[in-house]
Amino acid sequence: MPALAPKEKDKANELSAYRDQRFSGTLKEQEKMLKLSTTLYVGNLSYYTTEEQVYELFRRAGDIRRVIMGIDRYKKTPCGFCFIEYYNRDDGENAIRYINATRLDDRTIRTDWDAGFVEGRQYGRGRHGGQVRDEYRKDFDAGRGGWNKEIATRRAAHEQE
């Protein structure tokens, strides 16, 4: 094996355990699409991270077809995730290999294969329009909008008393 053979030493082309629960096909169809995909899901972004920042970071792994920023369903503001479509699978593997678990806007981002962007998936799926996981967060996170929606609502009501 050559001294520098990153493809032989990592698992960038392997699939994680995560599966999109709202995928319209079967699990077998989803896994087939994931193995051929050139699309990445990027999570744990700051609400203040811009599309330009994402593009600048991820273009280092290869040629990007497009970046689709995740937005709050109701407020139409960023909500901490995006999809990146590359022109080829190798570039997506490089992004997972070299960019996954790095820091962007002082946050450790995560990348994962996605079966492919479909219109409507750019919206947060939580009850309040953002990401579901942010609704369960118990800590204050300035990069994700402060307190979660439930805590923020209770705090506001308490302050009005």
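Author: With the sheet. Strands of a sheet pair through backbone hydrogen bonds, either parallel or antiparallel. Here four strands form an open sheet, ordered S2-S3-S1-S6, with antiparallel pairing. Strands S2 (64-71) and S6 (110-114) are its edges, each pairing on one side only. Neighbouring strands are turned by 25° against each other on average, direction ignored.

Reader: What rules and numbering sit behind this?

Author: This is a predicted model: local features need pLDDT of at least 70, side-chain atom pairs count only at pLDDT 80 or more, and totals for chains, interfaces and linings use all residues. Residues are numbered from 1 along each chain as its sequence is written, and side-chain values use heavy atoms, leaving out hydrogens and water. Helices (H or I, at least four residues) and strands (E, at least two) are DSSP runs, numbered from the N terminus. Two strands pair if DSSP finds at least two bridges between them.

Reader: Over how many bridges do S2 and S3 pair?

Author: Six, in the antiparallel sense, with S3 spanning residues 78-86. As an example, Met-69 has Cys-82 in S3 as its bridge partner.

Reader: Which strands does helix H3 lie across?

Author: Contact means heavy atoms within 4.5 Å. Axes are lines fitted to C-alpha atoms, for helices over the stretch in contact; angles run from 0 to 180 degrees between N-to-C directions. H3 (residues 51-58) lies across S1 (39-43), S2, S3 and S6, at about 140° to S2. Helix H4 (residues 89-98) lies across S1, S3 and S6, at about 150° to S6.

Reader: How should I describe two aromatic rings?

Author: A pair of aromatic rings is described by the distance of the centres and the angle of the planes. Rings of Phe, Tyr and Trp (its six-membered ring) pair with centres within 6.5 Å; planes under 30 degrees apart are stacked, over 60 edge-to-face, the rest tilted. The count here is four aromatic pairs. Tyr-41 and Phe-81 are stacked, 5.8 Å centre to centre, with 20° between the planes.

Reader: Why does the pair of Tyr-41 and Phe-81 tie together parts 40 residues apart in sequence?

Author: Because Tyr-41 lies in strand S1 and Phe-81 in strand S3. Phe-81 and Phe-83 also pair, edge-to-face, at 5.9 Å centre to centre and 90° between the planes. Ring pairs link Tyr-41, Phe-81, Phe-83 and Phe-117 into a cluster.

Reader: Is Tyr-41 buried or exposed?

Author: Buried means under 20% relative accessible area, exposed over 50%, partly exposed in between (1.4 Å probe, protein chains only). Tyr-41 is buried at 15% relative accessibility. Phe-81 is buried at 5%, and Phe-83 is buried too.
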